[in-house]
Amino acid sequence: MSALMQEPATGIEPVEKSAGGAGFFLTLLKDRKAAAIGLGILVFFVLLAIVSPYISPYSATSQSCAVFAPPSARHWLGCDDGGIDMLSELMQGGRISLVVGFAATLVAMIIGGGVGIISGYFGGWVDITLMRITDYLLVIPDLVFAMVIADIWGPSLFHVIMVIGILEWTGTARVIRAQVMSVKERVYVKRLRALGAGHTRIIARHILPQVGPLLIANTVLTIAIAIYLETALAFLNLEDPTVTTWGTILEHAFERAAVSSGAWWAIVPDGICIALVCVGCFLLGQAIEDALNPRLKIAHLSLTRWKIRTLAGRGADAT
Amino acid sequence: MSEARASVSRVGEPATGGATQPDAAATDTPGASGVPLLEVTNLVTHYPVRRGLGQAAIRRPRRWVHAVDGVSFSLSRGEMMALVGESGCGKTSTVQTILGMVKPTGGAVRLNGTDIANLPERRMRPLRRVVQMIYQDPYESLDPRFRVRQTVEEPMVVHGIGGSRAERQRLTVQALEQAGLRPAEMYLDRYPHELSGGQRQRVAIATALVLGPQLLLADEPVSMLDVSVRAGVLALLDSLRRDAEMGILMITHDLSTAAHFADKIAVMYLGRIVEEGTASEVVRNPQHPYTKALLSVVPKRDPREALAPQILTGETPDPVDVPAGCRFNPRCPVAVERCRTEDPALRMVAGHLTACHLA
Amino acid sequence: MSGLLEVEDLHVWFEPPHAAPVHAVQGVSFELRPGERFGLVGESGCGKTTTILALMGLLPPNASLAGQVRLDGTNILAGGEDSVRPYRWKDIAMVFQGAMNALNPVKRVGWQIAEPMAFHGVAEGKAALKRAGELLELVGIPARSAQRYPHEFSGGMRQRASIAMALACEPRILLADEPTTALDVMVQAQILELLTRLSAELGLSVILVTHDLPVVAQTCSRAAVMYAGEIAEIGPMDALYHNPRHPYTRLLFAATPDLYGDDVVSSIPGSPPRLDRELTGCPFRPRCDVPMDRCADVHPRLLQVGAGHLAACLRAEERADKLAEVR
């Protein structure tokens, strides 16, 4: 009453490499134009920020031309109220703005990712407590809260980073929590529990890699919000006035009546830079999110249809 | 309720000192001591039914799912037992309790004589090496981001065995080959999605084998696989219990598979074993009306062998409201008055155990 | 021909982005007679589900289709989606794989059964709901259960409800894709009995797609065994079991344990070929237990090996040739 014939383990064929990890992003960039454009914009600004000290034509802190001098061959984007070259100032400001955006996002992702993973993985009262805190932060108006905190702590770049970080983790925490809750129900996680594997190991080796791409998508989206929020805080004079960021440039130009003087070059290029970085982040982040969401791939919602074709060169009777 | 097995002393009562022995005893080979590998006695596992806030507010009494309600059986090394029944009969809960993933409400689970049912997690951990589980869906039970090598090595890392990297590699290769994946080197660096269903299930089995377990719990190990490879995986389990002397407890809903590969079959209904015996006894000489009905509806391969199906109406009732008397009486085609009031105990009928007044 | 539905040289191929086209169905031909229960058997990925989805034109946009599907002699696929749509659900209906878990949880079951009637102009409003109740009675559920929600139904009842849904527009052909796979044996028996009864009482033709040979053996009178997108063997169920002429059919039966059988159950080595490349010779050759040299080069055609019994195997071909010589 037994069968003792083995299934010989033959017939294994070379298979194309998986689309996990780096492959996921490569196919993403290939498939979605928006992702490539977004990444292009971001890479451009990051590279510019890195090389700006070597290529910026003038000093970003000392006078090099007349007050509100219009754009010219020597000063492409003109000068501001202190006679400082706008292009050099923009490059310098971009450096700081990006650092603030990235640092604040890092803080937000560590808190948001951590809260999301712990909440989703452990569930129960841990989840309830953490999610109530998240809910409170979620309903507080960002800007008002940031103004209050920045005012209490005093204006400083570090404070701005922390304030933005503390404000922007909530959405990420919610999204990550939902994903973790579904991953932890997967059989292989249960198998590892039954094996005796600890929580740290399961989270670090099995859950984090699964929510990784989602975390990256959220990171990119949060960078945009962080830079936007930084600009807003600077504009409201809640940032260290001695530091040059895209936000303080705007604020300065506004305060020194650049608009009424007709010096559009002190405001418009700066605004375009902020907008471009934000759009770049949104394009890339949205594309990653869409690629991760299988519901957007449902075929029957497609407008194209299957086709009746003649059998050209396929099948047994071909050629 | 829990005295179902009291009237029969089929298995010699274990030494009373068994439960107080140190844990180390459980990992030792029992040798000729006569203690079975696994002994489940009057196992009861109830889950609370979730109450809504409103129901809790009006203090509606908590209700319980009687998932496992007094199950007893034993399994020796080198033996394969099939736990058969419809969904909701408690077979999965039984296995989850044995695995220590669910704490039982009552009863004992003895592994080589040591009661593991109520051990704290810290003391349970070393014992997890002895009991390993194989899951139904090989597409779900392997981490899609882990290569075969990492998947099979992981249990060793978790339990801190295998010392060096080279030693772990040797044990990994050995486990893969034991699971029928030869040459193992061909599989080490593959991802699960690069393997067929049968190969994945073999990798899952290798992850269990790498710790050198004595007891394998297999939850529908082939039901998600293609018909053409099922026999191979079952033959592998068969060889593990013959050659490696493992005890295997297999959950299945497929009576044909159970009849072909298991030594013993236990038929479960609503949290109880209603019939238990050697595979051929249960299949060829069923005594319980539920077993008879189940066997009658198994489709035969030969179209000429027309079925005379004895189709029961409805489905297994909700294990929250267990019927009074014999649990099977509302669906039983031959129930009499006594069945509605008196709960039958398992007793020896025609050479094996049956819980039916009329057998 | 006596076929209600005639499938001739059906091909389906998919063109996924960044990958070679997958030729899922490669020249499938069969006919379905009125009131017949016909089985389509094979391993996963052999093209059986794609075949029946193609019969209803339910394919994703990257699919291409060639061949004919004739209902009462009319090629319903001739004009693509537009020409199949009128037949869908009214003439050919389907119980999808996992349909029992695909009911809308927030709509009453009766409403969900009545919905396709309105789509297809069969009945509307009160009349449709009344008809939904009758359909539920027909599949063995009390008509008043039409007022209930899917979560109040057990698995078997949900599967019955999805069969009732398929019967809403009184189709002549019912396609059932693995209708019992996720069900317990007892519920499986109940559903198979229901399908048998419906085909007998309503004269419904049923195509039962499953990987489970015994289920087909006990339910269908004829069956086709599919392998690598082709029909390997087709014929009366009795002939397939007692006189299989394709090694795959024989090995598939041998891999299926029988409750009282004492024979050794053995698996078929290897796995089915990939369908995204051209196959030369017999697709089953690498797994065959009686391969010949010729099998590597010659693609076997389906040949008559008995009354209504065809097999695509060079060995069967040889025997057929010899028989012809003797005659």
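1. In strand S5 of chain B, B:Asp115 is the residue that stands opposite B:Arg110; helices (H or I, at least four residues) and strands (E, at least two) are DSSP runs, numbered from the N terminus. Strand S4 (residues 106-111) of chain B and S5(B) run antiparallel and are joined by two bridges, and two strands are said to pair if DSSP finds at least two bridges between them. The open sheet to which they belong has four strands in the order S2-S1-S4-S5 (chain B), with antiparallel pairing, and its edge strands, each pairing on one side only, are strand S2 (64-75) and strand S5 (114-115) of chain B.

2. The model is predicted, and local features need pLDDT of at least 70, side-chain atom pairs count only at pLDDT 80 or more, while totals for chains, interfaces and linings use all residues. Residues are numbered from 1 along each chain as its sequence is written, and chains are lettered from A and ligands numbered from 1 in the order in which they are written.

3. Chain B as a whole has 12 helices and 12 strands. Of its 359 residues, 53% are buried, where a residue is buried if 20 or more other C-beta atoms lie within 10 Å of its own, exposed if 12 or fewer, and partly exposed in between, with C-beta atoms placed from the backbone. Among contacts in chain B between residues at least 6 apart in sequence, 68% join residues at least 24 apart; two residues are in contact if their C-beta atoms, placed from the backbone, lie within 7 Å.

4. A second open sheet of chain B has eight strands in the order S6-S7-S8-S3-S9-S10-S12-S11, and its pairing is mixed. Strand S6 (131-134) and strand S11 (347-349) of chain B are the edge strands, each of which pairs on one side only, and neighbouring strands are turned by 25° against each other on average, direction ignored; angles run from 0 to 180 degrees between N-to-C directions, and axes are lines fitted to C-alpha atoms, for helices over the stretch in contact. Within this sheet, strand S7 (residues 215-219) and strand S8 (residues 247-252) of chain B run parallel and are joined by five bridges, with B:Leu249 in S8(B) as the bridge partner of B:Leu217.

5. Which residue of S10(B) stands opposite B:Met268? The residue is B:Ile273, and S9(B) and S10(B) pair in the antiparallel sense over six bridges. Their hairpin has two residues between the strands, and in it B:Leu270 takes a positive phi near 50°. S10(B) also pairs in the antiparallel sense, over two bridges, with strand S12 (residues 352-354) of chain B, where B:Leu353 stands opposite B:Glu276. S10(B) is largely enclosed by the rest of the structure, because six of its seven residues are buried. Helix H11 (residues 289-296) of chain B lies across strand S9 (264-269) and strand S10 (272-278) of chain B, running at about 105° to S9(B).

6. In helix H5 (residues 148-158) of chain B, the buried residues include B:Val148, B:Glu153 and B:Met156. The buried residues of H5(B) pack against helix H6 (165-178) and helix H7 (197-209) of chain B, and also against helix H8 (187-195) of chain A. Just after H5(B), B:Gly160 takes a positive phi of about 60°.

7. How many residues of chain C are in contact with chain B? There are 32 residues of chain C in contact with 32 residues of chain B. The largest share of the chain C side, six residues, comes from H6(C). By class, that side has 17 nonpolar, 10 polar and five charged residues; Ala, Val, Leu, Ile, Met, Phe, Trp, Tyr, Cys and Pro count as nonpolar, Asp, Glu, Lys and Arg as charged, and the others, Gly among them, as polar. H9(C) is mostly covered, since seven of its eight residues are buried, and these buried residues pack against helix H8 (227-243) of chain B together with H7, strand S9 (222-227), strand S10 (230-236) and H8 of chain C.

8. In chain A, A:Met181 lies in helix H7 and counts as partly exposed, because 15 C-beta neighbours lie inside 10 Å. A:Met181 and A:Phe122 are 59 residues apart in sequence and 9.0 Å apart in space, C-alpha to C-alpha.
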